[in-house]
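Subject: A structure for you to look at

Hi,

Here is the structure I promised to pass on. Have a look at it first, and then read my notes below with the model open beside you.

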Amino acid sequence: MRLAPAVTCLALALLLHLPAATSACADTPLRLNEIMAGPARDWDGSGAFSSRDDEWVEVMNTGAAAIDLSSFLITDGDSIPRYALSGALAAGGHLVIYGKTSYDWEHATAHPAFGLSLSNSGDSVMLWHVVGAETLLVDSYKYASHEAAADRAIGRHPDGTGDWVIFDGLNPYTGTAPPQGNNCNPSPAAPNLCGETPTRSLTWGSVKSMYKSR
Ligand SMILES: [Ca+2]
Ligand SMILES: [Ca+2]
């Protein structure tokens with residue numbers, strides 16, 4: 001069953017361990033856009049595969065202006081902070097947080113250090129916005145185990161705004177449980193495309209800025 005967004009925000013906010021959570025949803029164009037919970041290759045380009053470090057979560061600025069990311073947090077289903085974003089994200093921009101980035105942040109900030117901690121048997125990813133004394137839920141996605149199989153990403157399609165589908169080009173899903181796969185490849189730090197022509201071209205400068213957060 002899919003809950004209405006307002007109900008989802010209320011239910012999840014009540015579970016939050018962070019101080020002063022509220023039942024409201026934040027008004028920001030930043031969205032969760034793609035999730036790799038079951039990596040089976042070296043996604044972060046470190047030269048080695050790690051089931052912890054090579055997990056990733058992609059966020060997208062779906063708005064028309066740049067966003068200051070300094071008050072956004074990512075948690076998994078247990079609501080423990082896994083990463084606090086920083087810097088800015090251009091209009092239409094995509095940013096990937098790898099498990100290694102999360103692990104390093106957890107170490108530096110004295111949080112339990114497990115990386116993004118995305119369970120392969122199903123979990124949730126939540127994006128929060130700290131506004132004054134309140135911590136508002138911006139976006140969340142709960143996935144099942146078939147969405148977290150090896151090298152399958154779950155992402156919005158169309159990019160930024162669509163429903164969640166499995167980008168399963170690297171490991172096709174043949175079962176019947178929703179969501180289904182689209183046989184397209186995961187796209188960390190790039191638009192979630194599947195057959196369509198990119199609507200905007202990336203400059204080399206914008207590509208470099210996306211990877212600065214690694
Ligand atoms: Ca790696
Ligand atoms: Ca993507």
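Start with Glu34, whose bridge partner in β3 is Glu58. Keep in mind as you look that this is a predicted model. A second pair to find is Ile35, which has Val57 as its bridge partner in β3. On β8, Val96 stands opposite Glu58. The pairing of β3 with β8 is antiparallel too, and it runs over five bridges.

Now zoom out to the sheet. In what order do the strands of the open sheet come? There are five of them, arranged β8-β3-β2-β11-β12 with antiparallel pairing. The edges are β8 and β12; each has a single partner strand, so one side of each has no neighbour in the sheet. From one strand to the next, the twist averages 30 degrees. Helix α2 packs on this sheet, where it touches β3 and β8, and its direction makes about 65 degrees with that of β8.

Next, a closer look at β3. How many of its six residues are buried? Six of the six are, so the strand is largely enclosed by the rest of the structure. Cover is found on both faces: one side carries Trp56, Glu58 and Met60, the other carries Val57, Val59 and Asn61, and all of these are buried.

With 24 other C-beta atoms within 10 Å, Met60 is buried, because the cut-off for that is 20 or more. Leaving out residues up to four places away in sequence, Met60 touches Arg31, Asn33, His94 and Gly160. Take Asn33 from that list: it is 27 residues from Met60 in sequence, yet the two C-alpha atoms are 5.9 Å apart in space.

Helix α2 covers residues 99-108 and is mostly covered itself, with seven of its 10 residues buried. Those are Gly99, Lys100, Thr101, Ser102, Tyr103, Trp105 and Glu106. What do they pack against? Their partners are β3, β6 (81-84) and β8. After α2 comes Ala110, which has a positive phi, near 60 degrees.

In soluble globular proteins, nonpolar side chains tend to be buried together. The largest nonpolar core here has 38 residues, and the members that touch the most others are Ile35, Val57, Val125 and Leu127. Eight strands each supply at least two residues to this core: β2 (30-36), β3 (56-61), β5 (72-76), β8 (94-98), β9 (122-131), β10 (134-144), β11 (153-157) and β12 (163-167). β10 gives the largest share, five residues. To see the packing around Val57, look for its contacts with Leu32, Ile35, Ile74, Ile97, Leu116 and Val125, leaving aside neighbours within four places in sequence.

Most residues other than glycine have a negative phi, and most peptide bonds are trans. Against that background, here are some spots to check:

- Ser79 is not a glycine, but its phi is positive, about 65 degrees. You will find Ser79 in the loop between β5 and β6, and it is partly exposed, with 19 other C-beta atoms within 10 Å.
- Asn183 also has a positive phi, about 60 degrees, without being a glycine. It lies in the loop between β12 and α3 and is partly exposed, with 14 other C-beta atoms within 10 Å.
- The bond from His157 to Pro158 is cis, with omega near 5 degrees; Pro158 lies in the loop between β11 and β12.
- Pro178 to Pro179 is a cis bond as well, with omega near -5 degrees, and Pro179 is in the loop between β12 and α3 (204-211).

Finally, a word on confidence. The chain has a mean pLDDT of 87, and 80% of its residues reach 70 or more. Over residues 1-14 the pLDDT is below 50, and this stretch has 15 contacts in the model beyond near neighbours in sequence. Residues 19-23 are also below 50, with 12 such contacts. Where pLDDT is low, the predicted coordinates should not be read in detail.

Happy exploring!

Conventions: Residues numbered from 1 in each chain as written. Chains lettered and ligands numbered in written order. pLDDT = per-residue confidence, 0-100. Contact = placed C-beta atoms within 7 Å. Core = buried A, V, L, I, M, F, W, Y, C linked by C-beta atoms within 7 Å. Buried ≥ 20, exposed ≤ 12 C-beta atoms within 10 Å, placed from the backbone. Helix = DSSP H or I, 4+ residues; strand = E, 2+ residues; numbered from the N terminus. Pairing = 2+ DSSP bridges. Axes fitted to C-alpha atoms, helices over the stretch in contact; angles between N-to-C directions.
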